[in-house]
Amino acid sequence: DHPGFNNNFHIRTSAWLAVLYNDRSVLENHHLASLFDLVRNPRFNIFATLTLDQYKDVRETMIEMVLSTDMGLHAKIYQTFRRRLGEDREWSSKDDQRLALSVALKMADISNCCRPTNLYMAWARNVATEFYNQ
């Protein structure tokens with residue numbers, strides 16, 4: 001469920017989703033809420049076999065990953081990653097693992113320009129159309 005407008009548009013127009021999510025990572029929060037609402041249905045609950053602790057960990061990690069795709073948080077995540085790279089210790093904590101996953105997902109999220117030209121051009125047209133409509 002993607003309404004075809006970016007977070008900034010939703011916030012500037014005081015759209016219902018922006019109000020619902022308090023102008024914070026509007027689409028990302030909407031996608032997460034939609035997912036976790038969907039899996040409440042036993043037919044779609046891919047987490048049914050997890051223990052409560054496992055589910056909480058997976059849910060928290062998924063939330064962190066999806067929220068990290070909000071370009072409004074790009075500079076903050078990038079600075080945190082750069083600072084962490086300069087530290088001389090293992091990447092073993094849960095926070096470290098989630099930061100590394102966030103950066104990997106961000107790279108995948110913004111990598112359209114690395115795709116074959118025909119795919120890149122198709123995505124570029126779609127993005128330009130979305131921006132033009134706003």
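In this predicted model, Asp-70 is a buried residue that goes without a salt bridge. The closest side chain of opposite charge belongs to Lys-106, and that one sits 7.6 Å away. What Asp-70 does have is a polar contact, side chain to side chain, with Ser-25 at 2.7 Å. Leaving aside residues up to four places away in sequence, Asp-70 touches Asn-7, Ser-25, Glu-28 and Lys-106. As for its place in the chain, Asp-70 is found in the loop that runs between helix H4 (52–67) and helix H5 (74–85).

Stepping back to the whole chain, the picture is one of helices: there are seven of them and zero strands. The C-alpha trace spans about 45 × 40 × 30 Å along its principal axes. Of the 134 residues, 23% are buried, and the accessible surface comes to about 9,700 Å², with carbon and sulfur atoms supplying 57% of that. Looking at contacts between residues at least 6 apart in sequence, 50% bring together residues at least 24 apart.

Charges come next. The chain carries 16 positive and 16 negative side chains, and the centres of these two sets are 2 Å apart. Across the whole structure, a search turns up eight salt bridges.

One of these pairs Arg-98 with Asp-57, at 2.8 Å from N to O. Arg-98 belongs to helix H6 (residues 94–109) and Asp-57 to helix H4, so this bridge ties together parts of the chain that are 41 residues apart in sequence. Arg-98 counts as buried because its relative accessibility is 7%, whereas Asp-57, at 28%, counts as partly exposed. Arg-98 also meets Glu-60 in a salt bridge, here at 2.6 Å from N to O. This second pair again links distant parts of the chain, with Arg-98 in helix H6 and Glu-60 in helix H4, 38 residues apart. Glu-60 has a relative accessibility of 46% and is therefore partly exposed. Together with Lys-94, the residues Asp-57, Glu-60 and Arg-98 are joined in a network of salt bridges.

Another salt bridge connects Asp-96 to Arg-89, whose closest N and O atoms are 3.2 Å apart.

Technical notes
Residues are numbered from 1 along each chain as its sequence is written. This is a predicted model: local features need pLDDT of at least 70, side-chain atom pairs count only at pLDDT 80 or more; totals for chains, interfaces and linings use all residues. Side-chain values use heavy atoms; hydrogens and water are left out. Helices (H or I, at least four residues) and strands (E, at least two) are DSSP runs, numbered from the N terminus. Buried means under 20% relative accessible area, exposed over 50%, partly exposed in between (1.4 Å probe, protein chains only). Lys and Arg count as positive and Asp and Glu as negative; His and the chain ends are not counted. A salt bridge is a side-chain nitrogen of Lys or Arg within 4 Å of a carboxyl oxygen of Asp or Glu. A polar contact is a pair of N or O atoms within 3.5 Å; within protein, one must be able to donate a hydrogen and the other to accept it, and residues adjacent in sequence count only if both atoms are side-chain atoms. Contact means heavy atoms within 4.5 Å. Accessible areas come from the Shrake-Rupley method with a 1.4 Å probe; for residues, only the protein chains shown count as cover. The place of a charge is taken as NZ of Lys, CZ of Arg, CG of Asp or CD of Glu.
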